[in-house]
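This briefing sets out selected features of the structure shown below. Please read it alongside the sequence and the coordinates.

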Amino acid sequence: MPYPRLIPCLDVAAGRVVKGVRFRGLRDVGDPVELGETYSEAGADELVFLDVTATLEDRSTFVALARRVAERLQIPFTVGGGVRTAADAESLLEAGADKVAVNSAALARPELLTELAERLGSQAVVVAIDAERGAVRSHAGTLPTERGAVDWAAEAVARGAGEILLTSIDADGTRAGYDLELTSAVANAVDVPVIASGGAGTARHVADVLDIAQAALLASILHEDAARLGSLRGELRELGVVVRDAA
Amino acid sequence: MRVAICHYGAGNVRSVELALSRLGATVVDDVEGADLAVLPGVGSARTALAGLKERGHDDALRERCAAGRPVLGICLGLQLALDGSDEDGGTEGLGLLEGRAVRITEGRVPRLGWAAVEPLGAAFYFAHSYACETPHATAWSEGVVAEARAGSFLGVQFHPEKSGAAGSRYLAEVLEEVRCPTPA
């Protein structure tokens, strides 16, 4: 298996990185490209940029952001938020993104995942799932759905998704640890890589989830102090997690 | 150094262009005339091959290889260069080197992430669901063919353009080899 991955996540609204707790109370934490570069230099394995507002006007801004990121960074990055069609996804990949993450649009029309996989290859298609007490929520966690996270993950993979970005709304922003039960249930139900998201507070939390998932998404744990990524990698090594030597 | 990238439709080709430009290469359109032709790796085998044929890149690449002129295949670009692939129910390849792309059966697929490559001595970024079976392998990663060479064709399964400093060093060496070929 490839090395377990550490993936800083940058939530972007109107071109700035923001962070809220439990999907609410957004505050400005910096410029996406500059922060991305800081993380890349500190040894990030990949980056995720999520457009949390995802309005129509933001879409071209987001393609422009993908272009700027590709110009400055030489590590893989995923973009998500507001991707509704294969054409949306294509313009982001052409700008230099490696993967697109789809969430609400795939819930509304699951065939989208197959269309994306056929056009871009499964390795470029990430299904983002936001779950609260095991149930999937859509539209950045604001709306309930009828779906269970485990069933939806399995269906999404069957339809062409090549990776799952699983966020526990219960754990998100709490820094009290990842939702190991949810992550485990989803990881057992699919054969594609799983990125666990929500709840990282300590290196131990990250080490625990990397026993189950192939990658850990990191957000609030880094936003106060981007240099934390470097020390985190060292602490993970001490805990026996074999992370990539980024030299 | 003039480098041509074979476009064949959708996908992230821009990162390859940017990585080579950063190393001082001039990106040109002329696949036949460039010092190095790059076959990048995006999308699925069948779509990619159709796109290549539509643009006449298939013949241009075969002619380059026949004339001993350098071609670099990246990820799917390496797999397209083989005799064929099991992807999409079976597709024919360009036949630039012997071998076949087969579905990965171990671990989680797609195989996504950084993995060590030997004997290159560094970790590179991989993103693939199929892997090469070829007698021309020159480097491996966890049992997977990571690099293969046949004549003037060099192929890598990983994405050097997305592999940070190690990827830049690798591409710089490729450009250096094109500039000053070492006798085989």
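At roughly what angle do the axes of helix 8 and helix 10 of chain A cross, and within what distance do they come? The axes of helix 8 (residues 203-210) and helix 10 (residues 228-238) of chain A cross at roughly 60 degrees and come within 9 Å. This is a predicted model, in which local features need pLDDT of at least 70 and side-chain atom pairs count only at pLDDT 80 or more, while totals for chains, interfaces and linings use all residues. Residues are numbered from 1 along each chain as its sequence is written, and chains are lettered from A and ligands numbered from 1 in the order in which they are written.

**Chain A overall**
- Chain A has 10 helices and 12 strands; helices (H or I, at least four residues) and strands (E, at least two) are DSSP runs, numbered from the N terminus.
- A compact globule of 247 residues would have a radius of gyration near 18 Å, and the 16 Å of chain A agrees with this; the radius is taken over C-alpha atoms, and the globule rule is 2.2 Å times the number of residues to the power 0.38.
- The C-alpha trace of chain A spans about 45 × 40 × 35 Å along its principal axes.

**Helix 8 and helix 10 of chain A**
- Helix 8 and helix 10 of chain A are therefore oblique to each other (angles under 35 degrees count as roughly parallel, over 145 as roughly antiparallel, 65 to 115 as roughly perpendicular and the rest as oblique).
- Axes are lines fitted to C-alpha atoms, for helices over the stretch in contact, and angles run from 0 to 180 degrees between N-to-C directions.
- A:Ala203, A:Val206 and A:Ala207 of helix 8 meet A:Leu232, A:Glu235 and A:Leu236 of helix 10; contact requires C-beta atoms, placed from the backbone, within 7 Å.

**The sheet of chain B**
- Chain B holds an open sheet of 7 strands in the order 2-1-3-4-13-12-11, with mixed pairing; two strands pair if DSSP finds at least two bridges between them.
- Strand 2 (26-28) and strand 11 (137-141) of chain B stand at the edges with a single partner strand each, so one side of each lacks a neighbour in the sheet.
- From one strand to the next, the twist averages 20 degrees.
- Strand 12 (residues 144-150) and strand 13 (residues 153-156) of chain B run antiparallel and are joined by 4 bridges.
- B:Glu147 has B:Val156 in strand 13 as its bridge partner.

**Contact between the chains**
- Chain B contributes 30 residues to the contact and chain A contributes 32 residues.
- Among the elements of chain B that each supply at least two residues to this side are helix 1 (14-22) and helix 5 (164-179).

Terms used
Contact = placed C-beta atoms within 7 Å.
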